Amino acid sequence: MRNPDFKAELRAYLLGFGLALALTVVPFAVVVFGPGTQGLAIILITLCALAQLVVQLRYFLHLDLSEQKREDLHLVLFTVLLLGIMSIGTIWILGNLAIRM
Amino acid sequence: MTQPNAKLHPGLNLGHHHGEAHNQAETVVFGFWVFLMSDLILFGLTFASYITLANNMGMASGPTPADIIDLVNVFAQTVLLLVSSLTFGVASLTMRHKMPAKVTIAWLGLSLVLGLAFLGLAALDFLNMANQGAVPSRSGYLSGLWSLVGLHAVHVTAGCFWIMIMIAQIAVLGLHPIVKSRVLRLGLFWHFLDIVWIGIFSIVYLGGLL
């Protein structure tokens, strides 16, 4: 670790950028050129967004499951759990009310 | 003792060759992750309220997504923010590899210019919407859209000010250990904002047009 390799790390950033750009262009193209059904488009956009989320966490935020303090991972996972309960609960309850109106 | 190659905290580590600055980063970076996660809750719940309003009832016979979304502008904003995230990553790397301070300043400056260009396009988008009468008070859908996109724009504005301050600090103080730690945290913030933007363009803009 005395002399980390600048070029290799720069390549990792460029790889992450290339992947993120591709995962951005695909969903925009799906909406603009509109091949397939609406359901298919929604699935594609969701998958591209989730994939890009992972790419950016991995290559830009360097958040992965490798050697690091467990507390950090616990913090992120617990936040996601809370957010999941609150946001899915909100969307579920209000969506249900909207259907009944 | 930790492993020589073990990371002390999530996010880009300065590395052990930075000595004290690296070892002291652990606590403050962890604290910054606590802030980022609370910010994530804020964004997540703003997304949730947007989603509950983005339906026919929420649109209240007002402008629909197809009326107000300028996809070319949104795509340009997306690319600007993504490139800015990359250039900030390069800035962090030049710092990690102890390149001259002016190299780091140049990459930070480029990230700042791209961030400001993003804000310019966002402002243009808001102006176009307002000119069509698509103001937040028009419908629940528009309130949700303006709050969510506006909240992100406010964060980017804060990030731009923070980049300006860091450029000034590097110019005046040099790459002092405390300054390096601050740039590290700003990098986390900047990449985090690009991740939030993935959700915005996927749900608000692309999802809205379907």
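**Notebook: a predicted two-chain model**

Residues are numbered from 1 along each chain as its sequence is written, while chains are lettered from A and ligands numbered from 1 in the order in which they are written.

**Entry: confidence in chain A**

I looked up pLDDT, the predictor's confidence in each residue, from 0 to 100, and found a mean of 88 for chain A, with 90% of its residues at 70 or more. Among the elements of chain A, α1(A) has the highest mean pLDDT (94), and helix α3 (residues 70-100) the lowest (90).

**Entry: helix α1(A)**

I then listed its buried residues, namely Y13(A), G16(A), F17(A), A20(A), L23(A), T24(A), P27(A), F28(A) and V30(A). Here a residue is buried if 20 or more other C-beta atoms lie within 10 Å of its own, exposed if 12 or fewer, and partly exposed in between, with C-beta atoms placed from the backbone. These buried residues pack against α2 of chain A together with α4 and α7 of chain B, where contact requires C-beta atoms, placed from the backbone, within 7 Å.

I next turned to I42(A), which lies in helix α2 (residues 38-59) of chain A and counts as partly exposed because it has 15 C-beta neighbours inside 10 Å. Its C-alpha atom is separated by 21 Å from that of I99(A), 57 residues apart along the chain. The domain assignment, whose bounds come from an automatic or database source, gives chain A domain 1 (1-64) and domain 2 (67-101), and the centres of these two domains, taken over C-alpha atoms, are separated by 23 Å.

I found 7 helices and 0 strands in chain B, whose C-alpha atoms fill a box of roughly 60 × 35 × 25 Å along the principal axes. Of its 210 residues, 46% count as buried, and among its contacts with a separation of 6 or more, 79% join residues 24 or more positions apart.

The contact between the chains takes 49 residues from chain B and 44 residues from chain A. On the chain B side, α1 (20-53), α4 (71-96) and α7 (177-209) each supply at least two residues, and α1(B) gives the largest share, 13 residues.

**Entry: the largest nonpolar core**

I took a nonpolar core as a set of buried Ala, Val, Leu, Ile, Met, Phe, Trp, Tyr and Cys residues joined through C-beta atoms within 7 Å. The largest has 76 residues, of which Y50(B) and L145(B) touch the most other members. The elements giving two or more residues to this core include α1 (6-33) and α2 of chain A as well as α5 (101-131) and α6 (140-173) of chain B, and α7(B) gives the most, with 16 residues. Not counting residues up to four places away in sequence, Y50(B) touches G144(B), L145(B), L148(B) and V204(B).

Key:
Predicted model: local features only at pLDDT ≥ 70, side-chain atom pairs only at ≥ 80, totals over all residues. Helix = DSSP H or I, 4+ residues; strand = E, 2+ residues; numbered from the N terminus. Contact = placed C-beta atoms within 7 Å.
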